[in-house]
Amino acid sequence: MALTGCSWLVLSAAFLSVGAEISITPEPAQPAEGDNVTLTVHGLLGEPLAYNWYAGPTLSVIYLVASYIVSTGDETPGPAHTGREAVRPDGGLDIRGVLPGHSGTYILQTLNRQLQTEVGYGHLQVYEILAQPVVIANDTALVERRDTLRLMCSSPSPAEVRWFFNGEALPIAIRLGLSPDGRVLTRHGVRREEAGAYQCEVWNPVSVSRSEPINLTVYFGPERVAILQDSTTRTGCTIKLDFNMSLTLWCVSQSCPEPEYVWAFNGRALKNGRDHLNISSMTAAQEGTYTCIVKNPKTLLSGSASVVVKLSAAAVAMTIVPVPTKPKEGQDVTLTVQGYPKDLLVYAWYRGPASEPNRLLSQLPSGNWIAGPAHTGREVGFANCSLLVQKLNLTDAGRYTLKTVTLQGKTETLEVELQVALNLPPLNEDQRHLPEPEPGTG
């Protein structure tokens with residue numbers, strides 16, 4: 001009995017099929033796009049005369065891939081043939097270079113010598129080689145507890161998705177909302193611990209692809225503002241410093257980004273925008289409250305910390321320092337007093353030893369000062385005991401004595417030697433080039 005493709009289709013509609021025991025499995029079982037696949041048939045009985053392969057859910061002509069006559073090996077393509085399919089003599093179906101579009105239900109219909117048909121069903125799933133996904137963020141710099149984080153894993157393939165945080169699989173905590181398809185990650189009121197590198201990965205049984213990391217910054221603070229001295233917290237305490245000693249105060253806080261710094265002394269802003277403040281030489285003028293104010297330019301939050309700096313008890317020892325240290329004739333000099341007593345009642349300056357004829361001037365409790373017998377009209381006294389001598393001449397050189405009296409009646413006397421250098425006129429051009437005198441000549 002000779003069969004053609006057309007007559008076989010007519011016969012297949014004319015005879016009832018017997019109970020089907022046929023099964024169909026793909027080899028390989030999980031093919032990737034581009035693989036060569038064979039739909040292998042199991043459970044064929046007897047000697048089939050012909051095969052019909054369908055790529056679809058029903059035995060409809062529109063799903064017919066090919067008809068095959070066993071005795072002649074003739075194969076007739078059907079409407080669903082893609083040019084990649086070929087029927088094997090054993091009933092199997094070879095598909096070369098499968099594409100995701102080849103996925104779906106496949107039906108094999110057989111015709112035996114008794115003109116009975118059998119039907120077997122199988123399913124083919126072709127997996128894509130996945131393209132690299134991309135993480136899209138609503139923003140990559142957010143403010144803690146104020147902004148919402150939203151990350152989306154963008155991929156053209158309907159694959160499974162998993163998330164990674166700083167290279168590790170992201171444990172989706174309760175506070176992190178994940179969309180049903182796993183592609184959108186949402187966090188309301190983002191936290192600082194959620195800052196870092198995020199990646200998403202798409203996968204199927206034959207392919208895995210991970211996105212490039214996207215880095216998230218979470219701004220917070222400033223918090224826990226403190227002032228340190230030598231790595232020791234000094235906030236809210238009093239620092240006692242010896243006279244003429246140096247001190248560095250460091251302002252620290254928990255903040256992202258690094259905050260802006262403003263230092264204040266006794267409530268008055270200083271011209272210092274750094275995270276530390278230096279006191280190079282401690283005197284009574286540096287005593288007071290030092291405050292560090294920090295402001296985060298992103299969160300617009302601020303904080304502050306303060307310390308009190310005082311001279312220690314050892315600071316009662318006075319010193320007198322001429323400024324400048326080596327004045328010249330015609331210059332002004334200030335005999336600067338450092339470490340003068342805080343409970344000062346009166347003081348007096350003398351040229352030479354402390355005796356009434358040598359008295360230059362005295363400072364009274366009212367703050368006024370009066371000239372003494374040795375006053376030349378060029379000396380001025382200040383509240384901190386310092387003495388200004390204006391337009392020096394060579395006769396101003398010599399010993400000066402300061403005498404102080406405290407409210408408790410304690411008297412202290414301190415001396416300083418003032419040197420005045422001769423102010424020589426500059427050499428003219430001819431004098432600069434005069435030859436050196438010969439040894440032994442006048």
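**Disulfides and their strands**

I searched the whole structure and found 2 disulfides, a disulfide being a pair of cysteine sulfur atoms within 2.5 Å. This is a predicted model: local features need pLDDT of at least 70, side-chain atom pairs count only at pLDDT 80 or more, and totals for chains, interfaces and linings use all residues. Residues are numbered from 1 along each chain as its sequence is written, and side-chain values use heavy atoms, with hydrogens and water left out.

**Entry: Cys153 and Cys200**

I looked up the bond between Cys153 and Cys200 and noted 2.0 Å from S to S. The pair links distant parts of the chain, 47 residues apart. Cys153 sits in strand 12 (residues 148-154), and Cys200 in strand 17 (residues 196-204). I take strands as DSSP runs of E, at least two residues, numbered from the N terminus. The torsion about the S-S bond of Cys153 and Cys200 is about 70°, so I logged this disulfide as right-handed.

Next I checked burial. I call a residue buried under 20% relative accessible area, exposed over 50%, and partly exposed in between (1.4 Å probe, protein chains only). Cys153 is buried at 3%. Cys200 is buried at 0%.

**Entry: Cys251 and Cys292**

Cys251 is joined to Cys292, again by a disulfide, with S to S at 2.0 Å. Cys251 lies in strand 22 (residues 247-256) and Cys292 in strand 26 (residues 288-295), so the link ties together parts 41 residues apart in sequence. I read -90° about the S-S bond of Cys251 and Cys292, a left-handed link. Cys251 and Cys292 are both buried.

Counting bonded cysteines along the chain, the pattern is 1-2, 3-4.

**Entry: Cys237 and Cys256**

How accessible is Cys237? I found 25% relative accessibility, so Cys237 counts as partly exposed. For Cys256 the relative accessible area is 22%, which also makes Cys256 partly exposed.

**Entry: strand 17 and its partner**

I went back to strand 17, where Cys200 lies. Strand 17 pairs with strand 18 in the antiparallel sense over 4 bridges; pairing requires that DSSP finds at least two bridges between two strands. Strand 17 and strand 18 form a hairpin, with 2 residues between them.

Which residues of strand 18 are on the covered face? In strand 18 (residues 207-210) I noted Ser207 and Ser209 there, with Val208 and Arg210 on the uncovered face. In a regular strand, side chains alternate between the two faces of the sheet.
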